[in-house]
Amino acid sequence: MIETMNKDDVKYIIGSVMKYAYEAREEAIKDPASFEQGRSLAYYEVSNTIFNRLEICDLDPKEFGYSEDWERKFLSNEKL
């Protein structure tokens, strides 16, 4: 059986990934020597890959929940 996803489904999935990515980043900031550093980096890589694929497909990442400064917020040591 072949099922298709609509744009809202994709937005929901990406939004969930971004939520968990930012949560992992917060945990990594609290405990820099922990497993959370690796988890945070992995979520960043996934988020960055999705962002790049959206741009390659001529889709606006903002429509899928990315802010203009999503990388800065993610890579800084500031709490979100």
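Take E36 and R39 to start: they sit 3 residues apart in helix α2 (residues 36-56), so about one helical turn separates them. Their side chains meet in a salt bridge, 2.8 Å from N to O. By salt bridge we mean a side-chain nitrogen of Lys or Arg within 4 Å of a carboxyl oxygen of Asp or Glu. E36 counts as buried because its relative accessibility is 19%, while R39, with a relative accessible area of 26%, is partly exposed. The cut-offs here are under 20% relative accessible area for buried, over 50% for exposed, and partly exposed in between (1.4 Å probe, protein chains only).

A word on the model itself. It is a predicted one, where local features need pLDDT of at least 70 and side-chain atom pairs count only at pLDDT 80 or more, though totals for chains, interfaces and linings use all residues. Residues are numbered from 1 along each chain as its sequence is written, and side-chain values use heavy atoms, with hydrogens and water left out.

The structure holds 6 salt bridges, and these are three of them:

| E27 | K30 | 3.4 Å |

The E27 and K30 pair belongs to helix α1 (residues 7-30), where the two residues are 3 apart, about one turn of the helix. E27 is partly exposed at 35% relative accessibility, whereas K30 reaches 53% and counts as exposed. In the pair of D69 and R72, D69 comes out as partly exposed at 29%, and R72 is partly exposed too, at 45%. As a general point, side chains of opposite charge can pair when their charged atoms come close.

Now for the whole chain. Its secondary structure comes to 3 helices and 0 strands, taken as DSSP runs numbered from the N terminus (H or I, at least four residues, for helices; E, at least two, for strands). The C-alpha trace spans about 45 × 30 × 15 Å along its principal axes. Of the 80 residues, 30% count as buried. Contacts (heavy atoms within 4.5 Å) also say something about the fold: among those with a separation of 6 or more, 57% involve residues 24 or more positions apart.

As for the surface, the accessible area is about 5,700 Å², 55% of it belonging to carbon and sulfur atoms, by the Shrake-Rupley method with a 1.4 Å probe.
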